[in-house]
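Here are some notes to read beside the model, in numbered points.

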Amino acid sequence: MEWRRYAEQMAQLARDLVAQDSVQATLDAVSAAAVELVEGCDAAGILTVSKGRAVTLAVCGDLVEESDRLQGELGEGPCFDAARRVDGERLFRIADMTRPQPSWPRYSRAARDLGIGSMTGVLLYTDEEDFGALNLYSRRPGAFGKDIESAGWLLASHAAVALSTARTVDQLEHALETRHAIGEAMGILMERHRMSEDEAFGVLRRISQDHNLKLRDVARRVRAQPSGQV
C-alpha cells in the first residue's frame with residue numbers, strides 16, 4: 001500500500017465526512033471508503049449487537065447484509081463476536097475463510113457459500129462504550145495482510161467519531177428506519193405523480209413545514225395511502 005497516497009485519501013475522506021449531514025450518511029461514507037481505499041476489499045459494513053441482536057448500521061456491497069443476517073441468526077461469527085467483544089481484542093483477521101473455522105462452524109460454511117474468501121474487522125468504540133465493528137470482506141483468500149490493520153484503524157476511528165454523536169444504538173436504528181421510510185415515500189410520489197427526486201422530497205418537506213409534522217410522519221402517511229396522497 002502506498003501510504004503517502006493513502007494518507008492523502010484519508011485527509012480527503014475526513015473533509016468529506018465533515019460535510020455529511022447525518023450520522024447515517026457518515027457511516028455509509030465510511031463503508032464506501034473502505035471499499036474504495038483498501039486494496040482487495042470488495043464489501044464493507046458496520047455491525048452492532050444490541051440486546052443480543054445483530055443490527056446492520058451501514059452497508060457497501062452485496063455480501064454484507066446477508067453475512068450480518070446469518071451471524072445474527074446463528075449467533076456466531078467473527079463480526080458478531082467483534083461487535084460484542086469484552087476481552088480487550090480490537091481487531092480480527094481471517095486470512096482464508098475457505099478453510100474450516102472451528103470457532104464459527106455454521107457461519108463459516110455459509111460464508112463460503114456466499115463467496116467470502118477473507119475478512120477483517122476493527123471494533124468501534126468511544127470513551128464510554130463499544131458500538132460495534134467495521135468489517136471488510138474480500139472474495140479471495142489472503143486479501144488482508146498486516147498492513148491493512150493501520151488502514152482499518154484509521155477508517156474505524158472516523159466511524160467511531162460519528163457514532164459518538166449518537167447516544168444509543170436504538171437512536172441509530174430509528175434514524176435508519178426514518179431514512180428508509182422517506183425513501184419509500186419519495187418513490188411512491190415519483191411513480192404515481194411523475195415527479196423528480198428533488199420534487200418528491202420538496203413535497204414531503206413542504207407538508208412537514210406547513211402542518212408542523214416530522215418528515216418521517218409525513219412519509220408514513222404517504223406510504224399508508226393507496227393513492228399516494230397525504
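1. Helix α3 (residues 64-74) packs against helix α5 (residues 105-114) at an angle of about 160 degrees, and their axes are 10 Å apart. The two are therefore roughly antiparallel (an angle over 145 degrees), and α3 passes α5 in a right-handed crossing.

2. This is a predicted model, in which local features need pLDDT of at least 70 and side-chain atom pairs count only at pLDDT 80 or more, while totals for chains, interfaces and linings use all residues. Residues are numbered from 1 along each chain as its sequence is written, and side-chain values use heavy atoms, with hydrogens and water left out.

3. In the contact between the helices (heavy atoms within 4.5 Å), Glu66, Ser67, Leu70, Gln71 and Leu74 of α3 meet Arg106, Tyr107, Ala110 and Leu114 of α5. These residues divide into five nonpolar, two polar and two charged.

4. Serine 118, found in strand β4 (residues 118-125), has a relative accessibility of 1% and so counts as buried (under 20% relative accessible area, with a 1.4 Å probe and protein chains only). A polar atom of its side chain lies 3.3 Å from the backbone nitrogen of alanine 143. Leaving aside neighbours within four places in sequence, the contacts of serine 118 include Ile94, Met97, Ser138 and Phe144.

5. Serine 138 is found in strand β5 (residues 130-138) and is likewise buried, with a relative accessible area of 1%. The side chain of serine 138 reaches the backbone nitrogen of arginine 140 at 3.2 Å. Beyond four places in sequence, serine 138 is in contact with residues including Gly40, Asp42, Ser118 and Ala143.

How values were computed. Axes fitted to C-alpha atoms, helices over the stretch in contact; angles between N-to-C directions. Helix = DSSP H or I, 4+ residues; strand = E, 2+ residues; numbered from the N terminus. Parallel < 35°, antiparallel > 145°, perpendicular 65-115°, else oblique. Left-handed = near helix turned anticlockwise from the far one by under 90°. Nonpolar A, V, L, I, M, F, W, Y, C, P; charged D, E, K, R; others polar. Buried < 20%, exposed > 50% of the residue type's maximum accessible area, 1.4 Å probe, protein only. Polar contact = N/O pair within 3.5 Å; in protein donor to acceptor, adjacent residues only side chain to side chain.
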